[in-house]
Amino acid sequence: MLHLEHILKTYDHTPVLKGVSLEIAPGEIVCLLGPSGCGKTTLLRIIAGLETADSGTVMLNGEDITHVPVHQRDFGLMFQDFALFPHMNVEKNVAFGLEMQHKSRQDTRKRVDEVLGLVGLAPFKNRPVTELSGGEQQRVALARSLAPNPRVLMLDEPLGSLDAALRERLSVDLRDILKAANVTAIYVTHDQQEAFAIADRIAVMNAGQIEQIAPPEQLYLCPGTVFVARFLGLENVIPVDTVTQTDSRYVAHTVLGNFLIDRPARHILLHPVYASLVSEEIEGAIPVKLVKKVFQGSQYELTLQHESGILLVVLQKTRNLSLRSDMRLHIDPKGIIPL
Amino acid sequence: MDRSRTALIWRYAGRGLLLTPLLFLLVFFFYPLGSILQFSLAPDGKLDFAAFQQIFSRPYYRETLWFTTWQAALSTLLTLGLAFPAAHVFAKYQFPGKSLLLALATIPFVLPTVVVATAFIALLGEDSALNGLLMKVFKLEEPPLHLERSLKIILLAHIFYNYAVALRIISSFWSNQSQRIQEAAQMLGASRWMVFYRITLPLLLPAVTAAAALVFMFCFTSFGVVRILGGLKYATLEVEIHYQSLSLFDLPTAGALSVIQLMTTLVMMIVYTNLQRQMTQPLNLQSSRQVARKPRRWAEKGWLALNLIVMSLLIFAPILALIERSFTLGDGGFTTRYYEQLQENPHRSIRAVAPVAAIQNSLEYAFFVTIFSVLLGTLAAYLLSQKTRFSRWLDPVFMLPLAASAVTLGFGFIITLDEPPLNLRSSYWIVPIAHTLVAMPLVVRSVLPSLRAIKPSIGEAAAVLGASRWQRWRRIELPLITRSIAVGATFAFTVSMGEFGASSFVARPNQPTIPIVIFRFLGQPGLANYGQALAMSVILMAVCAAGFVLIERLNRAVIGEF
């Protein structure tokens, strides 16, 4: 439906977007995930038409809309600071886009009630927006951008200015609302938990490029690059010294031992989800000592040290572990990921 | 036990100290004001509306009233008409020399009225360089421009004066308006014009109205500009009050006119302060640096250039004309003789002092005014920064001397401070006291925001670390407000140097200030007198400009408050 091709953008001689291409299906929610400064907001603003790309095209349903002005795109954008119109009440804010479409007063009122109901703010209709709490303002902003039935809805860190507890609850609500409205959405965030909760697919961005695009589970279980792994908090990235080929497979030689991988790589990730501590001798198990144990409620985060000094982090549910030096770490073959 | 009693005594002493500015206002502002009321409403002890009836029934006064109102309205309209587009340019575009230009544009605001009036005579009067040029180019026998004593020159001077005030208020508010809000409207399908009409303009309205109220107030109470540029033909209320009281000694009429003037400015002041409070409600405000950008398209560049040209012409033409005339008046080409004459004792004058003595008088007065207003103004700011209902109510009270025009203050002084125990009529101190009344509110306005900006937690942190009340003040608070005090002090000094309205009532004839000497020169015939008025104006302008540069360097933000 929405198709970006080779979008380039430079600010003051610094490249911000280095040729980004992306394809989004109707009704899909795609998250642009990345650290600040990776270009995700700029990409969003180019799609919205608030910025112009130096080169590249934005296509919507096969139509080139690269040079269509913002207000004629029928897109929606929800801003991080919500950008509510402070001189209008909730109802007027939500009705603004419908008025711009010259909808009849009756239709406008009906649609406003509808979306306010969808976000659960129907009783707040006549309140000044300045008197709402952060969470309520967020819902007004969402209702306002949904009201005119945008062809694509973009959300720029819409939960960024809320506190952690509220953020967690609202991100689940947000997915439900977006799915109920059956809207094609692009969601920008730097918070992986938020992205996991909301997205159908996540595009991880780094330094003006998309590193990997995949559904949340696949992204987490099988990150494609060192950056993606590290950004998702997967720290067990081990440099590979040499790679040798045996039959159709490859062997990565590292300080922790040799690991079988299915393609040559310069790093391997030992995924904590597939790691387990074992007591008996198993072939390929890595001798480690437990140096730190952090209680996280449902599980423990264990920091293990190999004799080479390399630290590995794994998650375990086992409760009765003490800091000992003679432990062994076993990694399921599925958890050895070439990067 | 003993310690707590000492603490209690200190606390009461502190409270007492905080009340001195209020006492000062009571004696030197409200008491004279009360007398004016009494003169106008009950000249013989009985309630008597004769003075008011006379004002509203006699065509002469009705005309004065009408003229005062419509010239102020027209000046306001013209000022905003020019300043609004410029405010757009300053809020939205980044261009080289922007902050310097904005600083220069504010110079007129600190220029004394007599200087501005003189500058406009130098620019557009009969002897102006512009006339000379036009005569040469079009080979005319007579100077084509006769703008002295015309309404046009009064309006121009008012625009010159207030342009930067409106520009600053509107553009600073505009530049803080979040770009996101406009983008949000665009995303919802609003065209550029729609965004301006439905979003930008309504959100700017408080700033525009506040600017209008302030400019109207300044123009309504215009004295020096109208007195010098209007001649006998045009008189505002202020000029009329001066005339009625000092020339006709008709105190009831002057009093009644003062009351009408006071009521009008009071309404404007209330409108202004209310809107200003609205404007400080932070709503999606963002740093102005994010909003301003370089002009990109040719239309944008042209718009920017047009505004900058209008602005430069308006601001620099009179200033440059004043300087140019002061060195070239007469037929001899470049000359410094008018500056040299300032040191000579003009034997034909009864008041036998060299004009240069006025400079010393003004400096002396300004020195005392600075000290008085910093002390009283800072104390008042402390009083107002307390979060009690009493101080919230007091806030506008301390702004009142700004609303009451200088002429009303001066008039109040001469009718009240002439008998014991307050027989100050011929005292040296009457001028510094009158000036302090005008300058103190400026110090309050400078210091109060930074005092309010000090978070209570900072003081608490210091207290927990063992600092006493005095140490907290000396080591924490004072360093945080020093800059604003310095800004206020410079304001006070500059205002005192240029004050004309009150001084023209209370200054002793043998100790005139610079503005009074300039006015006297302008009233006397001959090139020599005119030349000396120009020279004196240039000197006064230099002093005020220097003060202004200091204020700008100390704190760019404070001026945005007015």
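Student: Which side chains of chain B and chain A meet in a salt bridge, like B:Arg198 with its partner, and what is the N to O distance?

Tutor: In this predicted model, the side chain of B:Arg198 meets the side chain of A:Glu99 in a salt bridge, with 2.9 Å from N to O.

Student: How many salt bridges are there between chain B and chain A?

Tutor: The count between the two chains is two salt bridges, and there are also three residue pairs in polar contact, where both residues have a pLDDT of 80 or more.

Student: Which elements of chain B give two or more residues to the side that touches chain A?

Tutor: Those elements are helix 10, covering 179–187, and helix 11, covering 192–220, both of chain B. The largest share of that side, seven residues, comes from helix 10.

Student: And how much area do the two chains bury between them?

Tutor: Chain B and chain A bury about 2,100 Å² between them, and 69% of that area is on carbon and sulfur atoms. On the chain B side, the residues that lose the most area to chain A are B:Met187, B:Leu188 and B:Arg198, which together make up 37% of what that side buries. In terms of contacts, 19 residues of chain B are in contact with 25 residues of chain A.

Student: New topic: how many residues are in the largest nonpolar core?

Tutor: That core has 172 residues, and the ones with the most contacts inside it are B:Phe120, B:Leu229, B:Phe398 and B:Phe413. Its largest share, 17 residues, comes from helix 9 of chain B, which covers residues 151–175.

Student: Where does this core lie relative to domain 1 and domain 2 of chain B?

Tutor: It lies between them, because domain 1 (34–328) and domain 2 (342–562) of chain B both give residues to the core. Apart from this core lies another one, of 50 residues, which includes A:Val94, A:Ala141, A:Leu170 and A:Val228.

Student: What does B:Leu229 touch?

Tutor: Not counting residues up to four places away in sequence, B:Leu229 touches several residues, among them B:Ala117, B:Phe120, B:Ile121, B:Ile153 and B:Ala157. B:Leu229 lies in helix 12 of chain B, residues 224–229, and it is buried, with a relative accessible area of 1%. The C-alpha atoms of B:Leu229 and B:Val114 are separated by 9.5 Å, although these two residues are 115 residues apart along the chain.

Student: And which residues does B:Phe120 touch?

Tutor: With the same exclusion of residues up to four places away in sequence, B:Phe120 touches B:Gly125, B:Ile153, B:Leu156, B:Ala157, B:Phe160, B:Leu229 and B:Pro318.

Student: Let's move to chain A. What domains is it divided into?

Tutor: Chain A is divided into domain 1, residues 2–231, and domain 2, residues 237–338. The centres of these two domains, taken over C-alpha atoms, are separated by 39 Å.

Student: How many residues are in contact between those domains, and what area is buried?

Tutor: Eight residues of domain 1 of chain A are in contact with eight residues of domain 2 of chain A, and the area buried between these domains is about 630 Å², of which carbon and sulfur atoms give 67%. A:Tyr220, A:Leu221 and A:Val226 supply 56% of the area that domain 1 buries against domain 2, more than any other three residues. The count of salt bridges between the two domains is zero, and there is one residue pair in polar contact, both at pLDDT 80 or more.

Student: Is A:His13 buried or exposed?

Tutor: A:His13 is exposed, with a relative accessible area of 81%. A:Ala83 also has a positive phi, of about 50°, but at 0% relative accessibility A:Ala83 counts as buried. A:Ala83 lies in the loop between strand 6 (75–78) and helix 2 (90–100) of chain A.

Notes: Residues numbered from 1 in each chain as written. Chains lettered and ligands numbered in written order. Predicted model: local features only at pLDDT ≥ 70, side-chain atom pairs only at ≥ 80, totals over all residues. Heavy atoms only, no water. Core = buried A, V, L, I, M, F, W, Y, C linked by side-chain atoms within 4.5 Å. Buried < 20%, exposed > 50% of the residue type's maximum accessible area, 1.4 Å probe, protein only. Helix = DSSP H or I, 4+ residues; strand = E, 2+ residues; numbered from the N terminus. Domains from an automatic or database assignment. Contact = heavy atoms within 4.5 Å. Buried area = accessible area lost by both parts, 1.4 Å probe. Salt bridge = Lys/Arg side-chain N within 4 Å of Asp/Glu carboxyl O. Polar contact = N/O pair within 3.5 Å; in protein donor to acceptor, adjacent residues only side chain to side chain.
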